[in-house]
Amino acid sequence: MFIWSRYDVWKMNFRLYQNPRVSKTLALLVLLVTAVCDSASGYHGNKSYYGNKSLEKSQAKVEILTDSSLRDVDRRFLSLALGPKLIQHGTLLPLLRSERFQTLAAGLAPAFLRLGGTAEDFLIFQPTQEDISKLASGPELDICTLNKNESTKWEGLGIGANETEGKVFKNFTMSEVEWDHLNSFTRCVGYDFIFGLNVLLRNGSLWDSSNAQLLLNYTAARGFKVNWELGNEPNRLQKLSNRTVNATTLGQDFRKLRSLLSSSPAFKNSILAGPDTTRPKNKTLRFLQRFLQVAASVLDAVTWHQYYIDGRTAVLDNFTDPTLLDMLARQITAINRVVNMTAPSLPVWLGETSSAWGGGAPELSDSFVAGFMWLDKLGLAAQLSLDVVMRQSLFEANYALISKDLDPLPDYWLSLLYKQLVGSRVLKVQVTDGSEVRVTNSSEEQRTAGEMDRKSARIRVYAHCTNPNSPQRYQNGSVTLYVLNLHQDHRAAVRLGGHLAFKKVDKYLLTPHGEEGLTSRHVELNGRKLVMVDDRTLPELGPQKLPSNTTLLMPPLTFGFFVIPDAQATACM
């Protein structure tokens, strides 16, 4: 039996009351399309809900423009971060030496690996010998071919999962041993290394570059290829260290760092990115603008940080709230506006990002439900001109992709699928939601009021050319869609328009595994639980083959990828 969704009916009645031009016939139609199946209760934890074919469907027609592309993102678009606290707590070396961790990391290549965060502004390079030339002449470390007897067995994190434990930050040191391991690790797993230098080492108001120069000298002597940042979230340093660096001074600091890099042939191709400001509130935007007015000419990328919510207060429904997810588009637009005014030629990166600040939300940021924020962020960022998105973090804290026991978490599997299936070329998508009701011949304000619950925003579709290096070996011209169904009690029924409607489709649907539902730390691909084969081997991620002219059905609160192998998209040839 069917019941009316009381919330939808109340909301629509209120809107109809405000808009007397809407006819009674239309009002009845609105009521009809808001009907939902009353067996849909308990969606948060009821696994059988995902296979319930009696649920009401929300229709969406998707048109993908395949003749030309929207833009190309960096091949390392989905990138990763680690925190310097791993050095401070002595955890870094056994982690990087772990064969299991190396396997998981290599699965997400190519990518940037950023070592940065709050603790970077308290890190000091302290080599074990003063003679850098002699120190650098030692044997080269190849961390991925270490004999098992020489490698260190992983015995756990050893510190709390939340990276913000302990609000008091103190200086700590990194020796050449940790530096060698970081560079060997990034090289062997296929990452490009980005390191954040300490901006709080200062002579009065000016940056003291002597420690950075020491690190540069050693890095050049070792032949390491490193990219650089300077300072983390400089617009909020006072909250952490009771010290400030204003935007103009920071710009001068970056010019000094670029001068150091340019003086050495070893760093002539090194990327310099910054300033890694926080989310774009008015003060932050003014800081960014003043910084770029000084430093734009020495930068290779503009970086900023974004989180949706406070990890201490986050609740489950935050992660699937379309209004909250839409916040990102406004933030990207605000950043892009400043960059376009002051440094229009520079690429923009999300230099640090995840679901919730403060280390993430316990039992949420590391569960299946976090994937809605992550996948929607990747789609929006690619569409809205961001070139790189650095996920905080690969390991450590509640928002990690890999648990403290070195088990891949749901967002890891989502990222792995993204890496395998999604290429760099972004396609334009037009989504028409058949359940949406609009009032015609009215003002913009009335049209907004007359729309029913913006159901198109609950079915989100992004499209790229398929990764030409996919392990699934898709041919040139293939197209990959990734789709989110944010409906809590409707299946999404997505129909492809144009010539793609008659093509066969490969389906990669992700659903939570186990009775925990959305808060599960395990994920299924097309009904099969994903686990590592062994410490050296990731599982093959195979599709479910769908016939041509098929409606793409997705259960409530799920997401997935759909590849059209024979799309013959001109933009993807």
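The model is predicted: local features need pLDDT of at least 70, side-chain atom pairs count only at pLDDT 80 or more, and totals for chains, interfaces and linings use all residues. Residues are numbered from 1 along each chain as its sequence is written, and side-chain values use heavy atoms, with hydrogens and water left out. Helices (H or I, at least four residues) and strands (E, at least two) are DSSP runs numbered from the N terminus.

**Sheet**

- Eight strands form an open sheet with parallel pairing, in the order E12-E9-E6-E5-E18-E16-E14-E13; two strands pair if DSSP finds at least two bridges between them.
- Strand E12 (226-230) and E13 are the edge strands, each pairing on one side only.
- On average, neighbouring strands of this sheet are turned by 25° against each other, direction ignored.
- E9 pairs with E12 in the parallel sense over five bridges, and Phe195 stands opposite Trp228 in E12.
- In a regular strand the side chains alternate between the two faces of the sheet.

- Strand E13 (residues 273-277) is mostly covered, as five of its five residues are buried; buried means under 20% relative accessible area, exposed over 50%, and partly exposed in between (1.4 Å probe, protein chains only).
- Four bridges join E13 to strand E14 (residues 301-306) in the parallel sense, and Pro275 has Thr303 in E14 as its bridge partner.
- E13, helix H11 (residues 282-295) and E14 make a right-handed β-α-β unit; right-handed here means that, with the strands pointing away from the viewer, the path from the first strand over the helix to the second runs clockwise.

**Helix pair H10 and H11**

- H10 and H11 pack at an angle of about 35°, with their axes 8 Å apart; axes are lines fitted to C-alpha atoms, for helices over the stretch in contact, and angles run from 0 to 180 degrees between N-to-C directions.
- The crossing of H10 and H11 is right-handed, a term for a near helix turned clockwise from the far one by less than a right angle.
- Residues of H10 including Leu250 and Phe254 meet a set in H11 that includes Phe287 and Phe291, with contact meaning heavy atoms within 4.5 Å.

**Salt bridges**

- The structure holds 25 salt bridges, each a side-chain nitrogen of Lys or Arg within 4 Å of a carboxyl oxygen of Asp or Glu.
- Arg76 forms a salt bridge with Asp192, the closest N and O atoms being 2.8 Å apart. Arg76 lies in the loop between strand E4 (71-72) and strand E5 (78-82) and Asp192 in strand E9 (residues 191-197), so the pair ties together parts that are 116 residues apart in sequence. Arg76 is buried at 14% relative accessible area, while Asp192 is partly exposed at 26%.
- Asp300 forms a salt bridge with Arg258, with 2.6 Å between the closest N and O atoms. Asp300 sits in the loop between H11 and E14 and Arg258 in helix H10 (residues 247-262), so this pair ties together parts that are 42 residues apart in sequence. Asp300 is partly exposed at 32% relative accessible area, and Arg258 is buried at 15%.
- Arg460 forms a salt bridge with Asp376, the closest N and O atoms being 3.1 Å apart. Arg460 belongs to strand E20 (residues 459-466) and Asp376 to helix H13 (residues 370-383), so parts that are 84 residues apart in sequence are tied together. Both Arg460 and Asp376 are buried.
- A network of salt bridges links Arg114, Glu120, Glu229, Asp276 and Glu352.
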